[in-house]
Amino acid sequence: MNARLFWKSLVVQAVAVAIPFAILGLALDRDFFEDWGWAVGPVVWLLCSFATARILALPVGYVLFSAVAGGVAGLLVMLATSHLPGMLAALLVFAASCGSYDPDAEAEARREWEAERGAKRTAAK
C-alpha cells in the first residue's frame, strides 16, 4: 500500500465531500435530507470521487470502484451507528482502496493483455 497516496486521497476526498456538504447544509432544511438524503448523498459522494480521481490523476474507474467500496462500508457503519461514523468509515475504506493502486502493476497487466491480443491476431492469420 502506498501510504502517501492513502493520505492524499483521504484528504482530497474529505475536502471534496465537505464543500457540498456545507453548501447543501446551509441552503436546505433538515426535512430535505430526511426525505432525499438517501439519493443526494451517494450522488454527491460519487461526483466528489470523480473530482478526487481527476485531482490525483488516478484512473476514474478505479477511484469510482473505491468510492462504491467506501460507500458500502460507510452505509453498513451508518446503519449500525450514525452518519458521522459512517462517513469516517467510508472515507477510510475509500482511501485504503485508492492507496492500494499500483501503476506499475497496471502497466504490466496492459503489456500482458496487448501481447496476448497480438498473439491471437497472429494465430488468426
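**Ground rules.** Since the model is predicted, local features need pLDDT of at least 70 and side-chain atom pairs count only at pLDDT 80 or more, while totals for chains, interfaces and linings use all residues. Numbering runs from 1 along each chain as its sequence is written, and side-chain values use heavy atoms, with hydrogens and water left out.

**Aromatic pairs.** The rule takes rings of Phe, Tyr and Trp (its six-membered ring) with centres within 6.5 Å; planes under 30 degrees apart are stacked, over 60 edge-to-face, and the rest tilted. One of the pairs is F6 with W7, edge-to-face at 5.0 Å centre to centre and 85° between the planes. For exposure I used relative accessible area: buried is under 20%, exposed is over 50%, partly exposed is in between (1.4 Å probe, protein chains only). F6 has 14% relative accessibility, so I logged F6 as buried. W7 has 52%, so W7 goes down as exposed.

Next I checked W45 and F94. Their ring centres are 5.8 Å apart and the planes sit at 70°, so this pair is edge-to-face too. W45 is in helix α2 (residues 30-56) and F94 in helix α4 (residues 83-99), so the pair ties together parts 49 residues apart in sequence. Helices here are DSSP runs (H or I, at least four residues), numbered from the N terminus. W45 and F94 are both buried.

**Helix α1.** F6 lies in helix α1, and I19 is in that helix as well, which spans residues 3-27. I found I19 in a nonpolar surface patch of about 360 Å², together with V11, V15 and I23. A patch takes residues with over 30% relative accessible area and no salt bridge; nonpolar side chains (Val, Leu, Ile, Met, Phe, Trp, Tyr) are joined within 5 Å, like charges within 9 Å. The areas are Shrake-Rupley values with a 1.4 Å probe. I19 is at 49%, so I noted I19 as partly exposed.

**Largest pocket.** Its volume is about 930 Å³, meaning the space filled by probe spheres set on the grid points, which are joined across faces, edges and corners. A pocket is an open set of points on a 1 Å grid over the protein atoms alone, where a 1.4 Å probe fits, with protein on both sides within 12 Å along at least five of seven lines; lining residues have an atom within 4 Å of a point. I listed 26 lining residues, with G37, G41, P42, H83 and M87 nearest the centre. α1, α2, α3 (60-80) and α4 each supply at least two of the lining residues. The largest share is from α2, with 11 residues.

Most residues other than glycine have a negative phi. A57 is not a glycine, yet I read a positive phi of about 55° there. A57 is in the loop between α2 and α3, and at 61% A57 is exposed.

**Salt bridges.** I counted 2 salt bridges, using a side-chain nitrogen of Lys or Arg within 4 Å of a carboxyl oxygen of Asp or Glu. E34 pairs with R30, with the closest N and O atoms 3.1 Å apart. Both lie in α2, 4 residues apart, about one turn of the helix, and both are exposed. E116 pairs with K120 at 3.6 Å between the closest N and O atoms. Those two are in helix α5 (residues 103-124), also 4 residues apart. E116 is partly exposed at 46%, whereas K120 is exposed at 54%.

**Span check.** I also took F6 to K120, 114 residues apart along the chain: their C-alpha atoms are separated by 38 Å.
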